[in-house]
Amino acid sequence: MISFNYETEFKIENEDRFIDWIQESITSENKEVGEINYIFCDDTYLHKINVDYLNHDTLTDIISFDYSDVHTISGDIFISIERVTENADEYNVAFDTELKRVMAHGILHYCGYKDKSQEDSKLMREKEEEKIALFK
């Protein structure tokens, strides 16, 4: 089950399309959908999680807590809408495209993709683009 939770004024329009897309993104990696919670919030909310749980005193666009097992993808994905908006402006892409990139990013981590090395980051970006292209 995929759910969207809002700790900000932002709301996803047509949640069903996003749910279908996330499910397709997961099955395209030969995984099953477990329980995935997206929590959309602001910088203050996500910064507090970053400090309290990860001991990082920085702003970020996404934090994910992975509860997946080998075959089933589950977890909580926190996304700062403020960061997504700023990143979209900085990289000169549409807000919706950047939002999809970040949403896919969390799922891809659960599927085992990393982004710490340059090589891993390159593969992660390719996978993000691949998943964005699945959106109908």
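Aspartate 115, apart from its neighbours within four places in sequence, is in contact with His105, His109, Asp120, Ser121 and Met124, where contact means heavy atoms within 4.5 Å. The model is predicted, so that local features need pLDDT of at least 70 and side-chain atom pairs count only at pLDDT 80 or more, while totals for chains, interfaces and linings use all residues. Residues are numbered from 1 along each chain as its sequence is written, and side-chain values use heavy atoms, with hydrogens and water left out.

**The annotated site**

- The unreviewed UniProt entry carries a "binding site" annotation that covers His105, His109 and Asp115; UniProt positions follow the numbering used here, feature names are shortened, and annotations may be inferred rather than shown by experiment.
- Aspartate 115 is found in the loop between H4 and helix H5 (118-133), helices being DSSP runs of H or I with at least four residues and strands runs of E with at least two, numbered from the N terminus.
- With 23% relative accessibility, aspartate 115 counts as partly exposed, a class lying between buried (under 20% relative accessible area) and exposed (over 50%), taken with a 1.4 Å probe on protein chains only.
- The side chains of aspartate 115 and histidine 109 are joined by a polar contact of 3.4 Å, that is, a pair of N or O atoms within 3.5 Å of which, within protein, one must be able to donate a hydrogen and the other to accept it, with residues adjacent in sequence counting only if both atoms are side-chain atoms.
- Histidine 105 belongs to helix H4 (residues 95-110) and is buried, at 7% relative accessibility; leaving aside neighbours within four places in sequence, histidine 105 is in contact with Ile62, Asp115, Met124, Arg125 and Glu128.

**Salt bridges**

- The structure holds 13 salt bridges, each defined as a side-chain nitrogen of Lys or Arg within 4 Å of a carboxyl oxygen of Asp or Glu.
- Glutamate 24 and lysine 136 form one of them, with the closest N and O atoms 3.1 Å apart; because glutamate 24 lies in helix H1 (residues 15-27) and lysine 136 in the segment after H5, the pair ties together parts that are 112 residues apart in sequence.
- Glutamate 29 and lysine 127 meet through their side chains in a salt bridge (2.9 Å, N to O), and glutamate 29 is buried, with a relative accessible area of 13%, while lysine 127 is buried, with a relative accessible area of 13%.
- A network of salt bridges links Asp61, Glu98, Arg101, Arg125 and Glu128.
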